[in-house]
Amino acid sequence: MTAKIFEMFAAADISITERQAEQFCILFEFMAEYNKNVNLTSITEFEDVVMKHFIDSVLPFVMIGIAEGASFIDVGTGAGFPALPLLIVRPDLKATLCDSLGKRCTYLELAIGKIGASAEVIHARGEELGRKRRERYDLATARAVAALPVLTELCLPFVKVGGEFIALKSVNENVNAADNAIKQLGGRLDRSLDYMLPNGDGRRLAIIKKISQTPTKYPRSYANITKKPL
């Protein structure tokens, strides 16, 4: 299994160590077993998990680079993507994983221990935690399915001025639809990158720079965020 992980990561031009390949094996096996009782992911085949969860989580950050020791919060982390794979390849990062479902948070805490990583797991809704931890992190990440205007309001309040919100999206996402939200929340679209996974799946990365403090009225309640996106 580790040989296949090496091969697949190499195809994405990502170098990993033997220990990291073992950690990915451990994560796959633990997630597959846990997924039998708690719905974590519909992607369950080994090679699909490696490509669509592990490589998909790591590749964007290899492309853009992250400062040594940076702090980040993964908002709506779900089964821990991109946070857990990112922590395997970058154990220097200081991570907080936020999810609204208690069962997933229990899994995340166990998974972090299984792979020998260190991270904080918080059971909370993103918009509620965002009001308590304003401008605390160097980076916020999200691989959630919500539209970018919604994700921006959930994530950008966490980011320090000078930091970045990094959104992992599909190529169908209209990044410019979030222009107004980004501006009102103190951000600037730094760049949007289109790329492909080694299997040919297209991805779009939105990198939003925090250039001024987010007004204290944001984030709003989730109902308002979704009903009246900025």
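Two strands are taken to pair if DSSP finds at least two bridges between them; strands (E, at least two residues) and helices (H or I, at least four) are DSSP runs numbered from the N terminus. The structure is a predicted model, in which local features need pLDDT of at least 70 and side-chain atom pairs count only at pLDDT 80 or more, whereas totals for chains, interfaces and linings use all residues. Residues are numbered from 1 along each chain as its sequence is written, and side-chain values use heavy atoms, with hydrogens and water left out.

By the pairing criterion, strand 2 and strand 3 are joined in the parallel sense over five bridges. Alanine 95 lies opposite alanine 119 of strand 3. The open sheet contains seven strands in the order 3-2-1-4-5-7-6, and its pairing is mixed. Strand 3 (119-123) and strand 6 (187-196) form the edges, each pairing on one side only. From one strand to the next, the twist averages 20 degrees.

Helix 3 touches strand 4 (137-142), strand 5, strand 6 and strand 7, and its direction makes about 120 degrees with that of strand 6. Helix 7 (residues 148-155) touches strand 1 (71-75), strand 4, strand 5 and strand 7, with an angle of about 150 degrees to the direction of strand 5. Axes are lines fitted to C-alpha atoms, for helices over the stretch in contact, and angles run from 0 to 180 degrees between N-to-C directions.

Helix 1 and helix 2 pack at about 110 degrees, with their axes 9 Å apart; helix 1 is therefore roughly perpendicular to helix 2 (65 to 115 degrees). Thr2, Ile5, Phe6 and Phe9 of helix 1 meet Glu18, Ala21, Glu22, Phe24 and Cys25 of helix 2.

The largest nonpolar core has 54 residues, of which Ile5, Phe9, Phe24, Phe54, Ile55 and Tyr107 touch the most other members. Such a core is a set of buried Ala, Val, Leu, Ile, Met, Phe, Trp, Tyr and Cys residues joined through side-chain atoms within 4.5 Å, where buried means under 20% relative accessible area (1.4 Å probe, protein chains only). Among the elements giving two or more residues to this core are helix 1 (2-11), helix 2 (18-34) and helix 3 (46-64). Helix 3 gives the most, with 10 residues. Phenylalanine 24 touches Ile5, Phe9, Ile16, Phe54, Val58, Pro85, Ile88 and Val89, residues up to four places away in sequence not being counted. A second, separate core of 29 residues includes Val75, Tyr137, Phe165 and Leu185.

Technical notes. Buried means under 20% relative accessible area, exposed over 50%, partly exposed in between (1.4 Å probe, protein chains only). Contact means heavy atoms within 4.5 Å. Angles under 35 degrees count as roughly parallel, over 145 as roughly antiparallel, 65 to 115 as roughly perpendicular and the rest as oblique.
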